[in-house]
Amino acid sequence: MLVGRVVGQVWATKKQETLEGIRFLLVRPLALSGDAAGQPVVAADVIGAGIGETVIVAFGRAARTTLGRGQDVGYQVAVVGIVDEIELEGGRKIEA
Amino acid sequence: MFVGKVVGQLWTSKHVNALEGMKLLLVLPLQRSAVGGKPVPREDLVVAADATVGAGIGEHVVVAYGRAARVCLGGNQDLPCEAAVAGIVDELKLEGVGPTDPPVPPSLFRGER
């Protein structure tokens, strides 16, 4: 899993049928500084995260489980939680 | 699996139901250059669930992925987690670095200042 910031939303009209009705977000991984600095990933979202929010993203079977449609769905990255706060060493915090 | 240092803990209020009560740690992987590979320039923090080990910030841990990770979380393969803490490192010896007791020198961790 990784933690990242939602930097965009992706729409596709023509897509594989198991992806119908699923919302896709563009998520950039966070660095320790709290900045979104990594390579963006496209993640399915069933919990309603919005642009600017900090989220936890899961991969593979863990991601497909979130949709509740079994394992035969055409994606392998999904948002599993919206982060409120990240506590770092020495009590430092990254506010989400 | 990889070795890393727990650098943080995450708190969520909105999440998929199966994540309720799950402890989520932020782990900074040991730099690959320290174990003979090429250095990786980007910081790639990993979020790992911890249900059985009880690791804390500042500790060095072994993280497992995929099915193995879910076994470390109790065996439910329908959990929405694919990275989990499998153990806490007591000691780590690296070639060319000499015996190191925890904490491992900070320079061996990616992105740590």
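Modeller: Of the 113 residues of chain B, 38% count as buried, a residue being buried if 20 or more other C-beta atoms, placed from the backbone, lie within 10 Å of its own, exposed if 12 or fewer, and partly exposed in between. The model is predicted: local features need pLDDT of at least 70, side-chain atom pairs count only at pLDDT 80 or more, and totals for chains, interfaces and linings use all residues. Residues are numbered from 1 along each chain as its sequence is written, while chains are lettered from A and ligands numbered from 1 in the order in which they are written.

Chain B has one helix and seven strands, where helices (H or I, at least four residues) and strands (E, at least two) are DSSP runs numbered from the N terminus. Along the sequence their pattern is β-β-β-β-α-β-β-β.

B:A64 counts as buried because 20 other C-beta atoms lie within 10 Å. Setting aside neighbours within four places in sequence, B:A64 is in contact with B:M1, B:A69, B:C72, B:A84 and B:A86; contact requires C-beta atoms, placed from the backbone, within 7 Å. By comparison, B:L79 is 15 residues from B:A64 in sequence and 14 Å away in space, C-alpha to C-alpha. In chain B as a whole, 57% of the contacts with a separation of 6 or more join residues 24 or more positions apart.

How values were computed
Contact = placed C-beta atoms within 7 Å.
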